[in-house]
Amino acid sequence: MTKLEEHLEGIINVFHQYSVRVGHFDKLSKGELKQLITKELANTIKNTKDQATIDKIFQELDADRDGQVTFGEFTSLVARVLETAHENIHKQ
């Protein structure tokens, strides 16, 4: 497995580490998303402990408005975080 493939698998594994806790095993509830963001993206996303921030992120990700975030919906967050990290690298 290449380095990039390992990182991609790591993203999938982190998603599943949180998605299996409540409700559907392959979707994140708002609480699961909050735990994932707070523990896994605390240094990347500002105000992770602020419920309003979590609510806003959840609302933006839940494209089909079913009250859960699918892996496909989650990838838009990963893409935004990755893009911001890329921009920050060029600022240094």
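User: Is Phe-71 buried, partly exposed or exposed?
Analyst: This is a predicted model, so everything here is computed from it. Phe-71 counts as partly exposed, because its relative accessibility is 26%.

User: And Phe-74, buried or exposed?
Analyst: Phe-74 is buried. Its relative accessible area is 4%.

User: How are Phe-71 and Phe-74 placed along helix α4?
Analyst: They are three residues apart in α4. About one helical turn separates them.

User: How many aromatic pairs turn up in the whole structure?
Analyst: A search of the whole structure gives three. One of them is Phe-15 with Phe-74. Their ring centres are 5.3 Å apart, and the planes make an angle of 45°. That pair is tilted.

User: Where do Phe-15 and Phe-74 sit?
Analyst: Phe-15 is in helix α1 and Phe-74 is in helix α4. The pair therefore ties together parts that are 59 residues apart in sequence. Both Phe-15 and Phe-74 are buried.

User: What about the rings of Phe-71 and Phe-74?
Analyst: Their centres lie 6.2 Å apart. The planes are at 45°, so this pair is tilted.

User: Which residues do the ring pairs link into a cluster?
Analyst: Phe-15, Phe-71 and Phe-74.

User: Switching to helices. What is the angle between α3 and α4?
Analyst: They pack at about 120°, with the axes 8 Å apart. That angle makes α3 oblique to α4.

User: Which residues make the contact?
Analyst: From α3, they are Ile-57, Glu-60 and Leu-61. From α4, they are Glu-73, Ser-76, Leu-77 and Arg-80.

User: How many of those are nonpolar, polar or charged?
Analyst: Three are nonpolar, one is polar and three are charged.

User: Let's stay with Leu-77. Buried or exposed?
Analyst: Leu-77 is buried, with a relative accessible area of 4%. It lies in helix α4.

User: What is Leu-77 in contact with, leaving aside neighbours within four places in sequence?
Analyst: Ile-37, Leu-41, Ile-45, Ile-57 and Leu-61.

User: How far apart are Leu-77 and Ile-57?
Analyst: In sequence, 20 residues. In space, 8.3 Å from C-alpha to C-alpha.

User: Which residues of α3 are buried?
Analyst: Thr-53, Ile-54, Ile-57, Phe-58 and Leu-61. Seen down the axis of α3, these fall within an arc of 130°, so they line one face of the helix.

User: And what is on the other side of α3?
Analyst: Lys-56 and Gln-59 are there, and they are exposed.

User: What covers the buried residues of α3?
Analyst: The cover includes β1, α2, β2 and α4.

User: On to α2, then. Which residues are buried there?
Analyst: Helix α2 runs over residues 30–40. Glu-32, Leu-33, Leu-36 and Ile-37 are buried in it. They cover an arc of only 130° around the axis, which puts them on the same side of α2.

User: What do the buried residues of α2 pack against?
Analyst: Three helices are α1 (3–19), α3 (51–61) and α4 (71–91). The strands are β1 (27–28) and β2 (69–70).

User: Where is Ser-29 found?
Analyst: In the loop between β1 and α2. Ser-29 counts as buried, because its relative accessibility is 17% and the cut-off for buried is under 20%.

User: What does Ser-29 touch, not counting residues up to four places away in sequence?
Analyst: Val-22 and Phe-58. Phe-58 is among the buried residues of α3.

User: Backbone now. What about the phi of Asn-47?
Analyst: Asn-47 has a positive phi of about 60°, although it is not a glycine. Most residues other than glycine have a negative phi.

User: Where is Asn-47, and is it buried or exposed?
Analyst: Asn-47 is in the loop between α2 and α3. Asn-47 is exposed, at 53% relative accessible area.

User: And what phi does Arg-65 have?
Analyst: A positive one, about 55°, and Arg-65 is not a glycine. Its place is in the loop between α3 and β2. Arg-65 counts as exposed, with a relative accessibility of 55%.

Conventions: Residues are numbered from 1 along each chain as its sequence is written. This is a predicted model: local features need pLDDT of at least 70, side-chain atom pairs count only at pLDDT 80 or more; totals for chains, interfaces and linings use all residues. Side-chain values use heavy atoms; hydrogens and water are left out. Buried means under 20% relative accessible area, exposed over 50%, partly exposed in between (1.4 Å probe, protein chains only). Helices (H or I, at least four residues) and strands (E, at least two) are DSSP runs, numbered from the N terminus. The arc is that of the directions from the helix axis to the C-beta atoms. Contact means heavy atoms within 4.5 Å. Axes are lines fitted to C-alpha atoms, for helices over the stretch in contact, and angles run from 0 to 180 degrees between N-to-C directions. Angles under 35 degrees count as roughly parallel, over 145 as roughly antiparallel, 65 to 115 as roughly perpendicular and the rest as oblique. Ala, Val, Leu, Ile, Met, Phe, Trp, Tyr, Cys and Pro count as nonpolar, Asp, Glu, Lys and Arg as charged, and the others, Gly among them, as polar. Rings of Phe, Tyr and Trp (its six-membered ring) pair if their centres lie within 6.5 Å; planes under 30 degrees apart count as stacked, over 60 as edge-to-face and the rest as tilted.
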